[in-house]
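Here are a few friendly notes to read alongside the structure. Have a look at it first, then follow the points in order.

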Amino acid sequence: MDHSPAEVTAVVPARNAEHMLPRCLEALRQSGVAEIIVVDGRSTDATVAIARAAGAWVVSDEGRGLPWARTLGVRTSGTRWVLLVDSDVVFGPTGVADLLKELLEGGYDALQAGLESVGGPGYWGQALAHHHRTGRSRNWFGLVATLVDRELMLGVGFDDSFKSGEDIELRWRMRDSGLRTAVSQRVMVEHRFAADDFDFALDQFLMDGTGLGKMIRKHGWRGARLALLPAAAAVRGSALSLAAGQPRWLRYYVAFCWYNYAGLARGLAS
């Protein structure tokens with residue numbers, strides 16, 4: 001089997017990502033991928049200039065959102081394998097090759113790298129990273145750093161009505177189709193956060209909750225159990241924090257739970 005990254009195109013959706021993009025693109029370049037396609041979401045900063053300077057092919061999603069950006073990037077690619085990479089991710093030198101090898105040897109249809117989340121010096125960035133490192137969602141297949149067959153991805157497609165939560169929606173459809181997805185136990189990537197203030201965390205909470213609400217709206221009773229996730233995660237996270245003698249994270253989990261449900265209500269109404 002060919003495990004060469006030269007058979008992989010990296011697709012990086014980016015919007016106003018000038019602070020995140022350089023390390024992401026440099027790591028992908030060093031990994032030996034055939035091509036890097038940056039799908040710009042009408043950035044107003046130096047995102048496009050940075051991408052072009054790094055040798056990436058830049059296309060625009062015309063402001064149509066993340067699911068459409070990923071679809072456009074996959075369509076633009078010309079290799080068998082596509083690596084969907086968020087701009088806040090940094091691969092190790094052999095990460096892409098190792099991920100491809102694991103996908104082929106394990107018989108997976110799509111494989112996400114494991115995420116090692118790191119936060120900035122601010123409370124909310126540190127809290128987000130702590131939650132990502134200790135929460136159960138770290139084992140849920142998503143689209144942050146994910147390798148997939150190009151034709152399969154185009155065939156499965158995205159639901160463009162999901163501006164957030166599209167990873168959950170896709171995971172359900174792939175599972176229902178009998179496709180094998182997983183999170184790698186061998187390959188870890190650095191997952192950063194673009195900011196570490198409350199406004200950034202709030203935006204994350206509201207987007208995640210909105211995605212859950214849209215899933216419930218789409219799937220009805222089958223999706224209703226998703227309404228339990230924010231409360232369950234908040235209770236678990238709070239309990240683990242107290243058990244570890246770290247009550248400082250309780251404030252985070254209260255905000256996480258409250259604003260996830262605010263977003264969920266928004267998703268149900270949209």
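Which residues of helix α1 (residues 21-31) are buried?

1. They are Leu-21, Cys-24, Leu-25, Ala-27, Leu-28 and Ser-31. Buried means under 20% relative accessible area, with a 1.4 Å probe and protein chains only. Seen down the axis of α1, these buried residues fall within an arc of 160 degrees, so they line one face of the helix; the arc is taken from the directions from the helix axis to the C-beta atoms. Helices here are DSSP runs (H or I, at least four residues), strands likewise (E, at least two), numbered from the N terminus.

2. A word on the source: this is a predicted model, where local features need pLDDT of at least 70 and side-chain atom pairs count only at pLDDT 80 or more, while totals for chains, interfaces and linings use all residues. Residues are numbered from 1 along each chain as its sequence is written, and side-chain values use heavy atoms, leaving out hydrogens and water.

3. What lies over that buried face? The cover of the buried residues of α1 includes the strands β1 (8-14), β2 (35-40), β4 (81-85) and β5 (89-90), along with the helices α2 (47-53) and α4 (95-106). Contact means heavy atoms within 4.5 Å. After α1 comes Gly-32, with a positive phi near 90 degrees.

4. Now turn to Ser-238, which sits in helix α9 (residues 229-243). Ser-238 counts as buried because its relative accessibility is 18%. Leaving aside residues up to four places away in sequence, Ser-238 touches Leu-250 and Tyr-253.

Terms used. Buried < 20%, exposed > 50% of the residue type's maximum accessible area, 1.4 Å probe, protein only.
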